[in-house]
Amino acid sequence: MFIFARIHDADISYNNVKKLTQIQYEFFKADGSVLRNSPEIILEKDFQQYISTRLGSIEADIVVLKGQERVFETRVLSIIELERCLEKTGDNLFKNIVEIQGKTYMVKVIPVNFNNGESGKIVLLAPTVNDWMTTEKLLIFSGMTFVISFIITNIAIIFIFSKKVISPLGKLQIAAGKISEGNLDFEIIEDGDAQIRELCRSFEKMRLKLVEASYTQKKYDDSRKMLFSSISHDLKTPITSIKGYVEGILDGVANTPQKVEKYLKTVHSKAVHMDRMIDDLLLYSRLDMNKVSFNIEKTDVLKYFEDCIYEIDIELEKSNIKIKLHNELQGKRYIMIDRDQVRRVVINIIDNSRKYMDKQQGKIDIFLREATSNVIIELMDNGAGISESDLPHIFDRFYRADSARDTRKGSGLGLAIAKQIIEGHEGKIWAVSRKDEGTSVMISLKKYEE
Ligand SMILES: Nc1ncnc2c1ncn2[C@@H]1O[C@H](COP(=O)(O)OP(=O)(O)OP(=O)(O)O)[C@@H](O)[C@H]1O
Ligand SMILES: [Mg+2]
């Protein structure tokens, strides 16, 4: 309204509104009270004085007609002006507008009856505050204001909504499309409203999970391929030689009982090797699928390793390897392990030390140490060592250093199985090695504390 008033150069101050209300009030009072009931009072000087002052304060005027005669007037109107005023008999003050000497007035005509039976009319005149302030215009104006502000608000909301919701959703849709096409590298950037950001975040998490899953899948696929080629290769070799030796016997190449026996022994050893390989493979795949349940027992570390060494000592002596246990534990220490499975780990590691021993006098030292909450077992040999490039891979399944591949029997599963078993005990296994100097395999297991 303020802006509208400015545009129309109209004065819509508080005072004007107040004046308008006051005029209406005065008119109404004049209409409803004294004047209508006992119009004679207007003929009294005192009352004339009073009403002049009252109306004067709002610049209003009064003309009283008794019959055709003007008995009181605060403003002298011409006959034509008076006639024009008398035509305005309606109740809506805003419609009873009359122009008198260039100024506009609202007119109220009140019919009255004097005591002597004569009828008369009281004409009240008040200057219009502003003619645009009529009810209709006000309604139209309010309506327009409403519509315009409604449209503006709508546009604003649509703009904000599109910026915060629609466009981020569009981006999300594009990303989802790309992902569904298999393009998992399409990063989803958080944008827009809080909830949309949350949605984007979940989507991004999902994408990362998918990336991870596809990576794992690929890894599994690769390892399955590798498994096939390794198995076929590793089984093919002993089978070929078994076939060769058996054919040798059948064809009569082994023509003495000694030769036959030698051939059969070779066939037997190859078959034993194959049998072991298949066992390893089965064990590994069972461990890999978490199908091996551990039979955990509280075990005295020192005693357990003493027993282990006792079992393999004689075997190692044959290969000219000395094994020694060094106990650096501060007292009796216990670990929770599946004894048979951990024995397999120890045997696998010592078997490697034996297999890859290239020194005249082989040495294996086992150190038992402890940290705050772990027992650390180090199995150190003075064998061929592992090159820096092979070291990170020796715990991978089927991994064999090239030098080992050429010369020693094996499937590359020994350390992979060891790792599975130790990790199944929530422990850690790692190796340090120097080419030509030797290898240390470390195992860390949680101490049992009462
Ligand atoms: N003590 C060691 N000294 C030298 N090289 C080693 C030693 N231990 C492991 N390696 C290397 O790590 C590779 C992986 O060892 P792992 O025991 O898993 O397989 P493997 O001994 O070849 O076969 P398997 O144990 O199944 O008969 C070996 O091929 C060898 O190259
Ligand atoms: Mg091995």
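How many nonpolar, polar and charged residues are in the lining of the largest pocket? There are 13 nonpolar, 13 polar and 9 charged residues. The model is predicted.

**The largest pocket**

This pocket holds about 610 Å³ of space. Its lining counts 35 residues, and N352, Y356, I386, A404 and L415 are the closest to its centre. Helix 10 supplies the largest share of that lining, 6 residues. Other elements give at least two residues each, among them helix 8 (257-288), strand 10 (374-381), helix 11 (402-407) and strand 12 (438-446).

**Ligand 1**

Ligand 1 takes up the space of the largest pocket. Its shell has 20 residues; N352, Y356, D381, R400 and L415 are the closest.

| Residue | Ligand 1 atom | Distance |
|---|---|---|
| N352 | oxygen | 2.8 Å |
| Y356 | oxygen | 2.9 Å |
| T439 | nitrogen | 3.4 Å |

The protein buries 96% of the 590 Å² that ligand 1 exposes when taken alone. Two or more shell residues come from helix 10 (339-355) and from helix 12 (414-424). Helix 10 gives the largest share, 3 residues. By class, the shell has 8 nonpolar, 8 polar and 4 charged residues.

**The second largest pocket**

The second largest pocket has a volume of about 440 Å³. It is lined by 15 residues, with K219, S223, Y284, D396 and R397 nearest its centre. Helix 7 (194-250), helix 8 and helix 12 each give two or more residues to this lining. The largest share, 5 residues, is from helix 7. The lining divides into 6 nonpolar, 2 polar and 7 charged residues.

Terms used: Residues are numbered from 1 along each chain as its sequence is written. Chains are lettered from A and ligands numbered from 1 in the order in which they are written. This is a predicted model: local features need pLDDT of at least 70, side-chain atom pairs count only at pLDDT 80 or more; totals for chains, interfaces and linings use all residues. Side-chain values use heavy atoms; hydrogens and water are left out. A residue is near a molecule or strand if one of its heavy atoms lies within 4 Å of it. A polar contact is a pair of N or O atoms within 3.5 Å; within protein, one must be able to donate a hydrogen and the other to accept it, and residues adjacent in sequence count only if both atoms are side-chain atoms. Accessible areas come from the Shrake-Rupley method with a 1.4 Å probe; for residues, only the protein chains shown count as cover. On a 1 Å grid over the protein atoms alone, a cavity is a set of points where a 1.4 Å probe fits but cannot get out, and a pocket is an open set with protein on both sides within 12 Å along at least five of seven lines; lining residues have an atom within 4 Å of a point. A molecule sits in a cavity or pocket if more than half of its atoms lie within 2 Å of its grid points. Helices (H or I, at least four residues) and strands (E, at least two) are DSSP runs, numbered from the N terminus. Ala, Val, Leu, Ile, Met, Phe, Trp, Tyr, Cys and Pro count as nonpolar, Asp, Glu, Lys and Arg as charged, and the others, Gly among them, as polar. Grid points are joined across faces, edges and corners, and a volume is the space filled by probe spheres set on the points.
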